[in-house]
Amino acid sequence: MNLLHEPLRLSLTKPLLNAIQQVFKAANAEVQVTETEIYNQLVEPPNTDLGHLAFGCFMLAKALKKAPPMVANELKAVLGSIDGVASIEVAGPYLNFKFTALGLANAVVKPALNQNLFKQKLSDKNPKSMIEYSQPNTHKEIHVGHMRNLCLGDALVKMLRYSGYEIISSTFPGDVGTHVAKCLWYIQNHVGLDVLAQKRNDPNRGEWLGQMYSAANLKLEDEEKTEKYETNKKQLTEILKQLEAGSGAFYDLWKETRGWSIELMQKVYKWAGVTFDQWYWESDVDADSVKMAKKYFAEGQLIESQGAIGLDFSSETLGFCMLLKSDGTGLYATKDIELARRKFEDYKIEKSIYVVDVRQALHFKQVFKALEILGFSQAKNCYHLQYNFVELPDGAMSSRKGNIVPLMDLVSQMKNHVKTEYLSRYEAEWSADEVESVSDAVAQGAIKYGMLRQDTNKKIVFDMAEWLKLDGESGPFIQYSYARIQSIISKFTVADLASFDGTLLSHAAEIKLMQHLMNFNSVVLMAAESYKPALICTYLYETAKKFNVFYHECSIGKAETEELKKARLALASATAAILKHGLALLSIPVPNRM
RNA sequence: GGUUCCGUAGCUCAGUUGGAUAGAGCAUCUCCCUUCUAAGGAGAGGGUCGUACGUUCGAGUCGUACCGGAGCCA
C-alpha cells in the first residue's frame, strides 16, 4: 500500500522474509507473508535497552502451530548477520534488533543533514484532494475557537503535501444571513451611522463590527418579550430583504462592512501564516444553490413534504434533509451541495475534506448522502473531519452571547507575556525587531501547539492563565531546544560536518536520540493519513526531550576528541533539521535564539 | 426517546490499529547553573484503565449491557 521509506526497517524485511521462508520450508508449511507485512509489524520495544526494533512472532507461531518463543529462536538461528545490525536477541516471543551507531547515523543523521530525508515521497496513492477549513462569519469576531479549526486545516494541508498528495486549500466564509442583518440593525438603530462613519478610519473596525453583533443579540434578547419585538422583527426582515435583493442602503452598508470583516480575517491568516488557494463565499453560492435545488425538484429527484422540498433519509436514521423551505429559500445543506458541485467541477478533485466542528456531524452526513443520491460519484470520498470545540472554564463560547476570547487578544497577551517573562533579560543585547519577531514566533508555537496537541475528538477548555504557562509539553519547549542547537552550532564551527564518523555516536543518549529520529517520516505519514496532527506534536516533543538528555549528558564543547565533537555536532544539526521541518508542518516557526 | 463521541494518576492528556513492566506534562517533595541557554536535566510519591460479563494464547485497545458526562436530531 504505502511505499517503504524507512531505511532501517527496510533493511530488516528481506533478511526476515528469507529466514521465515526457511523456517516454514523446514516445517513443510505454507508461508504467505510479504515484505510490506513484515515492515508494518516491526515495532519499537518498550525500552531501548531491549532493542531498537522488534518483530513479534505471534502470527507465524499460529501458522506453524508452535509456541512464539520457539519460532523466535528458530528465526534467529537462520538469520545470520545483517548489515548495520549490531545484535539480534530473542526475548520471549520477540526478536529484538539493535542497530550499530554507524547504521543509525547513516540512516538518519546523514539524510537529515543533506536534506534528502525531507524530499522523499512518502505515499504512492495521492488522489487530488481539497481541504476546506476556516469558515468564519463576517460581522462576528474571530475568537480562540476559530483557531483550532485554522490550525487543524493548515497542518493537514502541509502534512499531506509533505507526504506527496496534491492538495487544494479552500475557505468558505459566511458573509450573509441573519447575523449580518442583526449587526447592521443594531448599528442603524442603537449606535448611529455617524459613529459608523468614524469607524471607517479605525484599524480595528473588523473587531468593532463583531462587538456590534454581540451587542445586537443582547439587545434583541432583552426586548424579545416587550412591545418592541414586532418592530425589531419588521426591521430585521426589511434589512434581509434588501440584502437579498442586492440593492438599497443596507446592501451598500453590507458591502462596505463585509470588507472590514474580511480585513480582520486576512489579518488573522497573515499572522497564522495561512494562505488559501480558493475563497468560496456564501453570498456567491446562495442564489445558485436555490436554482440548483429547484432544478433537481423539477427533474423529480427531490420530494415534497409539508410544503418543504428535500430528500427523505429517515430509513437511514438521517431524518429529512430539507433543501427548500416552504417559502422557497434554501438552507445550509442546499449551499453545501452547490459548493460541493463547484469544488468537483472547478478542480476535478477526487477527494473532499471538510474541517468543521462536531456539531455539524449530522449535517455533513446528510449532505454527503444527498450528493450520492444526486449522482456525484465523489460523494463516497467526501470526509468530514470533525473536531470537538473549544470552550471556556464556565461553559461554551458564543459570539451571540458575547462571552468569547478574541483571537488577537490571546496573541497580544501571549506576546507580552513572552517579552516580560523571558525576553526582558536580552534587552541590552537584542534589537527591538528581534524581540518582536521572537516573541511572535514563540506565541505562534504556544498557541498552535496548544490547539493541535490534543486529539480532535476531545474538547479543549481554554484557560488564559494555563495557556500562558510555557513549560513542560508545549510549543516553546520544542522551539527552545531548537534555539539551543543553533546556539551551539554558531559557537563551535567544524569544517566538513557531513564527513563525521558515525561509529563514535555510541553513548546511550546518542543512540536513543537517533533511534527516535529515524521514525520521522513514518510518523508524518501516519499522522497525515489518519488526519492527526497531534501525532506530530507528540513526536516532536519526544524528540526535544531526547535531545535535552543528550545535551546534558554529552557535551559538545568538551568532547574528548575533535572527531567526537564533529559527530555530536552532526547529530545536533540533524535533530535541529528534523525539529524545524516537523514544526513547519504545524506552521510553527523556529527562532534562532530565545 | 433516537443517535454520535468521551470516561486512563489529584488536574490536563498520550497509549504505534489486540502484544513485553500502562506513560508524559502540571501540581507536591528531593537534588543539579565557576561546564555548549535552568523556557532545562536527574530522582520520589501518585493507577481496580467508569462497572460487569464476553471474545482468545493475550484486552486500556474488540463485542454486549449498564453507570456517568457532552453534542446533535425529534
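Some ground rules. Residues count from 1 along each chain as its sequence is written, chains are lettered from A and ligands numbered from 1 in the order in which they are written. Since the model is predicted, local features need pLDDT of at least 70, side-chain atom pairs count only at pLDDT 80 or more, and totals for chains, interfaces and linings use all residues.

Overall picture. Chain A has 22 helices and 15 strands. Those are DSSP runs numbered from the N terminus: helices are H or I with at least four residues, strands are E with at least two. The C-alpha trace of chain A spans about 90 × 70 × 40 Å along its principal axes. Of its 594 residues, 41% are buried. Buried means 20 or more other C-beta atoms within 10 Å of the residue's own; 12 or fewer is exposed, in between is partly exposed, and C-beta atoms are placed from the backbone. Take contacts in chain A between residues at least 6 apart in sequence: 77% join residues at least 24 apart. A contact is two C-beta atoms, placed from the backbone, within 7 Å.

Now the cores. A nonpolar core is a set of buried Ala, Val, Leu, Ile, Met, Phe, Trp, Tyr and Cys residues joined through C-beta atoms within 7 Å. The largest has 142 residues, and Val-108, Leu-184, Met-514 and Val-524 touch the most other members. Helix α22 gives the most to this core, 13 residues. Another core lies apart from it, with 20 residues, including Ala-293 and Leu-302. Back to Val-524: leaving out residues up to four places away in sequence, its contacts are Leu-122, Met-159, Tyr-162, Ser-163, Ile-536 and Leu-585.

The buried residues of α5 include Leu-104, Ala-107, Val-108 and Pro-111. What covers them includes α1, β3, β4, α19 and α22. After the helix comes Gln-115, with a positive phi near 75°.

Next, the sheet. It is open, four strands, in the order β1-β2-β4-β3, with antiparallel pairing. Pairing needs at least two DSSP bridges between the strands. β1 and β3 are the edge strands, each pairing on one side only. Four bridges link β2 and β4, and Ala-54 stands opposite Asn-96 in β4. Between β3 and β4 there are six bridges, with Val-85 opposite Phe-99 in β4. The β3 and β4 hairpin has two residues between the strands, and Gly-92 there takes a positive phi near 60°.

Finally, the RNA. The largest share, eight residues, is from α18. By class, the surface has 26 nonpolar, 15 polar and eleven charged residues. Here Ala, Val, Leu, Ile, Met, Phe, Trp, Tyr, Cys and Pro are nonpolar, Asp, Glu, Lys and Arg are charged, and the others, Gly among them, are polar.
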